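Okay, thanks for coming, everyone.

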Amino acid sequence: MSAAPSRTSHAGLTVQVVREDGDLAALSADWTDLYARSSAATPFQSYGWLCSWWRAYGTPGRLRVFLARRGGRLVAAAPFLLERRGGCRVLTPVGAGQADFTDIVVDDLEGDAGLRELRAGMLAQPGWDVMDLPEARPGATVRRLAELWEGRAWSLPASTCLQLPGQPIEQVLAGLNSRRGHRLRHALRKIDALDAQAVTVGADQVEGSVAELLRLHAMQWESRAINVQHTERRFRDHLARAVRTLVVENQATLTEYRVRGRLMACDFVLVGKDFVGGYLYGAHPDLRAEADVLTMLLRHNLALTHRLGRPVLSLLRGDEPYKTKFGCEAVVNQRVMLGRGLRAAAYAATANARATGRELVKRRCPRLARKVAAWQ
């Protein structure tokens, strides 16, 4: 039997902290309704993604989900897990290890007044020193909360995400210089010659398709520094569960590419409220030998972005050189830390020192820095 969630009333909001898996599982309808009322929320904050991640990676006893209700209606949700780092009690986002964007979910109608009430309710909850959200994108709710925070708040540059305007690829090419545009048009002609067939995967076929995606992804990275998490059983199980739910909710698409009837590539793409984002793909080495796979995927995904009316196609985290040939715009996430007390200040100072060290390595040893980024 789960313990009753702790509750604190502040102004018009009632803030509670959910600590048990069963209580999280009961939030599906309320969370989905709240997600629809939060324009800043991304699929990484959707109930389907978070609940699936917790099943795969969560540790019993560490769950800390802050929920705020007004008149019984859920108006804010901040999903965290509690960790101890260097003697500090740190709240890190559920899903952070595999999420390109981390944030809290707040009803748009709450505005700054609601954020101030939420701030007071969260500060009134005991048992933590600092909240650490490693990948807050521009426009993230937590970045606005940091501006209103009553206590200490810190931000550091985080991952760079490259993005393109949500236009057909022909319009993207028109904005490139003649040499670069010529090379990409040549790559498109080679892709056309393959007559690759792109097929959207239905929710009932997701599990098998995800297995194929990860198989192709492993082949693609053979003899290179693959992210080892992508080879683990629990990541496969998480991805299959999450993708199935996201596909049903129209928050993702999974596409298979076949050449002469042979499956040669799979691509998992998130559909956010203001972006489409390429999360993970796998391509057979034979296809990579014949064609520019990224160009093939970008053409398809730019068309999807344009059709859905989203303003940008994001390549999500990573500014690898092979992506820059498309003339992408660079957008930098922020690491946001919200704290209280001396422990939080010491934690933030350590984080800043480590970030400075990583930046130094990036400038002096860019090849090593790229290898580390790919592994992560």
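Start with the aromatic cluster: ring pairs join F44, W49, F101, F268, F275 and Y279. For a pair, I'm taking rings of Phe, Tyr and Trp (the six-membered ring for Trp) whose centres lie within 6.5 Å; planes under 30 degrees apart are stacked, over 60 are edge-to-face, and the rest are tilted. Counting that way gives 10 aromatic pairs. Take F44 and W49: the ring centres are 5.2 Å apart and the planes sit at 85°, so this pair is edge-to-face. F44 and W49 are both buried, where buried means under 20% relative accessible area, exposed over 50%, and partly exposed in between, using a 1.4 Å probe and protein chains only.

F44 also pairs with F101, again edge-to-face, at 6.2 Å centre to centre with 80° between the planes. That one links distant parts of the chain, 57 residues apart: F44 is in the loop between helix 2 (28–36) and helix 3 (47–57), while F101 is in the loop between strand 5 (88–93) and strand 6 (105–106). Helices here are DSSP runs of H or I with at least four residues, strands are runs of E with at least two, and both are numbered from the N terminus. And F101 is buried, as is F44.

Quick word on where this comes from. It's a predicted model, so local features need pLDDT of at least 70 and side-chain atom pairs count only at pLDDT 80 or more, though totals for chains, interfaces and linings use all residues. Residues are numbered from 1 along each chain as its sequence is written, and side-chain values use heavy atoms, with hydrogens and water left out.

Staying with rings for a second, we have charges over faces too, meaning NZ of Lys or CZ of Arg within 6 Å of the ring centre and within 35 degrees of the ring normal. R224 lies over the face of W221, 4.3 Å from the ring centre. Over at W128, R340 covers the ring face at 4.0 Å from the centre.

Now, salt bridges. The rule is a side-chain nitrogen of Lys or Arg within 4 Å of a carboxyl oxygen of Asp or Glu, and the count comes to 28. E117 bridges to R70, with the closest N and O atoms 3.3 Å apart. E117 lies in helix 4 and R70 in strand 3 (residues 63–70), so this contact ties together parts 47 residues apart in sequence. E117 is buried at 14% relative accessible area, whereas R70 is partly exposed at 28%.

Next, R137 and D274 meet in a salt bridge at 3.0 Å, N to O. These two are 137 residues apart: R137 is in the loop between strand 7 (130–136) and helix 5 (141–148), and D274 in the loop between strand 11 (262–271) and strand 12 (276–283). R137 is buried at 13%, and D274 is partly exposed at 31%.

Last one: E232 and R234 form a salt bridge, closest N and O atoms 3.5 Å apart. Both ends are partly exposed, E232 at 29% and R234 at 41%.
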